[in-house]
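Please keep the sequence and the model in view while reading.

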Amino acid sequence: MSVPLLRLEGVTVTFDGVAVLDGIDLDVRDGEFVALVGPSGCGKTTLLNVCSGWLPPSAGNVHRPGRLRMVFQQDGLFPWLTVAENILLGLRQVPDRGQRRQRADALLDLIGLREFAGTYPHQLSGGMRQRVELARALAGETPLLLMDEPFSSLDYLARLKMRWELARILRQQPRTVILVTHDIEEAAQLADRVLVLSERPARVSDEVVLDMPRPRDPTHPTVVNAVHRILSVLGLEATVDRGTALTPTVATAPGRDT
Amino acid sequence: MTHSASKIGAVLLALGTPALIVVVWAVVSSAQLFPPSLFPHPWDVARGVWVELRSGRLVNDAIASLFRVSAGFLLAVILGVPAGLILGHSAGARAAFLPLVNFFRSLSPLAWIPFAILWLGIGDPPAIFLIFMSAFFPIVVSTTAAVAGIPSVFFRVARDLGIRGPELLSAVTLPAIAPQVITTLRVAAGLSWLVVVAAEMIAGRDGLGFAVWDARNGLRIDLLAAAMLVIGVIGAALDRLLVQLTRIPSVRWGYDR
């Protein structure tokens, strides 16, 4: 197995004496898609901020590649720049102006928004904005992409569509991805590995490996089984019988079953 | 088609209401409901504007006032926006200076008139000083708030993209605050135009404020109203001019929500 692209060793983060992350170990291999899920407020985003270098850990070590790009929840696009200008800004590392133009056009084609090149972000729908964010992050051509709940501000159908889009785009432009999400279905549909975090202080309470090519249908048994398992780890489902997991089970509150 | 038709309608309405008021004014004035020495006829006012324009006095007064407003306002922008940038970025600077700024902002610039005359005499300097005092503090406060309110995600994106140092100012901070600052500039310019009249009434030998005071002293209520008319028209025109800034495509996001 190759050297991990990103490695966290015993990462602990405390804010004003309150432990948010408690000794997290994580290896992310080159080309892997890792999703982090967990109850809200458990420290998922904090963990991602440690990965990006925005937040130094209180204890532990982080080894990360020199360059990475992050995709934010919403409105990370500069509203004073057009779609094309935002993407061109993402191509800053390309010295040649003509080449920048060319690559920006290619990225616009990739996300299917060529005709919106001169449009400003506030004139686009939420899904279109997220596609532009994605293109701007891809433009950096960094091996590692961090995504902080990138689709959480979209409605359910738009979110489903964006998952297909992301799977398609990653097929054409492979990257190592760490995705933070509260959407378990999204994690199961996209990730090679889902890490389930516990309540604060966050620890990795389970690791679900999904060995199946993307794109995956949200109703595929592998995806559904993964969702069942994650839900039960989070204590949101009473029992998981792998054999009958395809039949809907009625969720009961933990500790209520007799 | 309907769009342009409604636009024409809007223009007609915008011209129609003032015209209606002038007609009512003329009728009231002709009926002599009030003594003519206290209530000028619009015709006399129009003639007053014409005579004063031809003599060049009104033009000179308007130029004098506009010069003072431009000088005081520009000075306030040149010093106020950078001051707001510093206060917006530094919590320490805010703690040290914001109470002071709020104190001076709450102090009517007109209260400075006696000191302005004592220190700077009569003419351009006291008027420019008073306009500066009325525009500077609102600009500082609003720029500070705008900078402090920039979503932190913009700076995180900038960091990811490798934007740092002076480029951060030109590529992120300034465009991010532009819509709010433009709105403040409009308010501050309007305030400056109000203050210049008061300043010139007391500390001037020319200017539209002085024209008002001079007409009052000469009991020329036709010229008094004429000066008021010109002050209002120029003030409205100044605002229309500054509104053009909001049409810049890269600031539209701040108004189109």
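## Crossing of two helices

The crossing of α4(B) and α6(B) is left-handed, that is, the near helix is turned anticlockwise from the far one by less than a right angle. Helices (H or I, at least four residues) and strands (E, at least two) are DSSP runs, numbered from the N terminus. The axes of α4 (residues 91-106) and α6 (residues 124-148) of chain B come within 9 Å and cross at roughly 140 degrees. Axes are lines fitted to C-alpha atoms, for helices over the stretch in contact, and angles run from 0 to 180 degrees between N-to-C directions. α4(B) and α6(B) are therefore oblique to each other; under 35 degrees counts as roughly parallel, over 145 as roughly antiparallel, 65 to 115 as roughly perpendicular and the rest as oblique.

Among the contacting residues are Phe104(B) of α4(B) and Phe137(B) of α6(B), where contact requires C-beta atoms, placed from the backbone, within 7 Å.

## Basis of the model

This is a predicted model, in which local features need pLDDT of at least 70 and side-chain atom pairs count only at pLDDT 80 or more, while totals for chains, interfaces and linings use all residues. Residues are numbered from 1 along each chain as its sequence is written, and chains are lettered from A and ligands numbered from 1 in the order in which they are written.

## A sheet in chain A

In chain A, 3 strands form an open antiparallel sheet in the order β2-β1-β4. Strands pair if DSSP finds at least two bridges between them. β1 (residues 6-15) and β2 of chain A are joined by 7 bridges, and Leu8(A) has Leu26(A) as its bridge partner in β2(A).

## Contact between chains

Chain A gives 14 residues to the contact and chain B gives 15 residues.

Notes: Contact = placed C-beta atoms within 7 Å.
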